[in-house]
Amino acid sequence: MSVVTDRRTVANGRNPLPVSLKQARLPRWTPPVLALVAVGAGCGIGLAAGLDSTIQWGLIAALLFIAGSFVLSAAVEGARQAKDRLATSLVWVAFLLAVVPLASLLWETVARGSKVLDGYFLSHSMGTLPDAMPGGGIYHAIIGTLEQVGLATLIAAPVGLLTAIYLVEYGRGRLARAVTFFVDVMTGIPSIVAGLFVLSVWILILGFGPSGFAGSMALAILMMPVVVRSTEEMLKLVPNELREASLALGVPKWRTILKVVLPTSIGGITTGVMLAIARITGETAPVLLLVWGAKTINNNPFEDAQQSLPLYVFQQWQQGSEASYDRAWAAALVLIAFVMILNLVARGIARWKAPQHAGR
């Protein structure tokens, strides 16, 4: 403990008084050691009480960790630091409660999906193979997913980008407020509602049949508000000084947006679009209503039924056989990998296009 001597002379002639500048602190290894002790105690209490669920053991260990951190900190560091330790412990426990189910789901998907995931599975379709028989693949579902998501992106990305530019750069008055309101409403629309809307208009009223393009229109409805919101926030981060400097040089506003505003925020815009693509990739309800699914390869998204990965997972799981379960887990693993790749690409683009600070 660091101690400094008070140089003031005491009137009664006694020795100078030591004044402490630091409070007692727990060692840095205390939280992990306390966590191990809490886990051991939680397992012991669970076994002694006859609890069969490891989830119950984990909850007991979490409560012991929180209570132990607070009591130990209060005894050594004081009440103020104990409250800080309590808040920190609650944050860590909440983080673990959120991560453990996700990690468990990922582990289960990898363990069960890797049984049939190989080159044959990725390069063949179901064809005429019965669903109860082993074999088959997801090539037709991969083609359908890529085409449907690609068409949805071609529809939603330009519309969302132009809408965001209007709201940030030009939007004033009632029209802008109405557009903002409807974008907020569309953000919370369930996917089944978007599918029912396209079904009623495209198939029932206009008379077109199921196709990948019909599913793409529903996916575009779900994607559009995400693109608008993310692009709008990125455009708002562009400093107004850049716009004013361009306008002061006599550059028209549309050219300022095209040459100054968009290049400055292109990294964030691209990231938002990639995350919106990842959001719609796993949608099943619109595809189930509008695409219907097919066991053979259909490279034309504008005609006849087509397959997609989320719908393939649903249909294979619905069959109820051991072989179909294995195919469903393998397709789910491919879908998770596809979404993870999109997220990694989005992060890479954001870091690549991030503004470089001077001196770096």
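Q: Where is the place of W292, and what makes this residue count as exposed?
A: W292 sits in the loop between α11 and α12 of what is a predicted model. Its relative accessible area is 51%, and since the class of exposed residues begins over 50%, W292 is called exposed.

Q: Why is D304 called partly exposed?
A: The relative accessibility of D304 is 49%, and because exposed requires a value over 50% while buried requires one under 20%, D304 falls in between and counts as partly exposed.

Q: How do you know that S308 is buried, and what does this residue touch?
A: S308, which lies in the loop between α11 and α12, has a relative accessible area of 2%; the limit for buried is under 20%, so S308 is buried. Leaving aside residues up to four places away in sequence, S308 touches A141, T145, Q148 and V287.

Q: Which residues of α12 are buried, and what covers them?
A: In α12 the buried residues are L309, P310, L311, Y312 and Q316, and their cover includes α4, α5, α10 (253–281), α11 and α13 (322–352). After α12 comes G320, with a positive phi near 85 degrees.

Q: What makes α5 oblique to α6?
A: Helix α5 (residues 139–170) and helix α6 (residues 173–187) pack at about 135 degrees, their axes being 10 Å apart. That angle makes α5 oblique to α6, because roughly antiparallel would need an angle over 145 degrees and roughly perpendicular one of 65 to 115.

Q: Which residues make the contact of α5 and α6, and what is the handedness of the crossing?
A: The crossing of the two helices, α5 and α6, is left-handed. On the side of α5 the contact is made by T163, Y166 and L167, and on the side of α6 by L175, A176, V179 and T180. By class, the residues of this contact are 5 nonpolar and 2 polar, with no charged residue.

Q: How do you know that D131 and K295 form a salt bridge?
A: The closest N and O atoms of D131 and K295 are 3.9 Å apart, and because the cut-off is within 4 Å, the pair qualifies as a salt bridge, one of 9 in the structure. The two residues come from distant parts of the chain, 164 residues apart: D131 from the loop between α4 (119–123) and α5, and K295 from the loop between α11 (285–290) and α12 (309–319).

Q: Why is D131 called buried, whereas K295 is called partly exposed?
A: D131 has a relative accessibility of 19%, and buried means under 20%, so D131 counts as buried. K295 has a relative accessible area of 34%, which lies between the limits of 20% and 50%, and K295 is therefore partly exposed.

Q: What joins R243 to E169, and are these residues buried or exposed?
A: The side chains of R243 and E169 meet in a salt bridge, with 2.9 Å from N to O. R243 belongs to helix α9 (residues 240–248) and E169 to helix α5, so the pair links parts of the chain that are distant, 74 residues apart. Both R243 and E169 are buried.

Q: Why does the pair of R229 and D184 tie together parts that are apart in sequence?
A: R229 and D184 form a salt bridge whose closest N and O atoms are 2.3 Å apart. Because R229 lies in helix α8 (residues 212–236) and D184 in helix α6, the pair ties together parts that are 45 residues apart in sequence. Both residues also take part in a network of salt bridges that links D184, R229, E232 and K236.

Technical notes
Residues are numbered from 1 along each chain as its sequence is written. This is a predicted model: local features need pLDDT of at least 70, side-chain atom pairs count only at pLDDT 80 or more; totals for chains, interfaces and linings use all residues. Side-chain values use heavy atoms; hydrogens and water are left out. Axes are lines fitted to C-alpha atoms, for helices over the stretch in contact, and angles run from 0 to 180 degrees between N-to-C directions. Helices (H or I, at least four residues) and strands (E, at least two) are DSSP runs, numbered from the N terminus. Angles under 35 degrees count as roughly parallel, over 145 as roughly antiparallel, 65 to 115 as roughly perpendicular and the rest as oblique. A crossing is left-handed if the near helix is turned anticlockwise from the far one by less than a right angle, and right-handed if clockwise. Contact means heavy atoms within 4.5 Å. Ala, Val, Leu, Ile, Met, Phe, Trp, Tyr, Cys and Pro count as nonpolar, Asp, Glu, Lys and Arg as charged, and the others, Gly among them, as polar. Buried means under 20% relative accessible area, exposed over 50%, partly exposed in between (1.4 Å probe, protein chains only).
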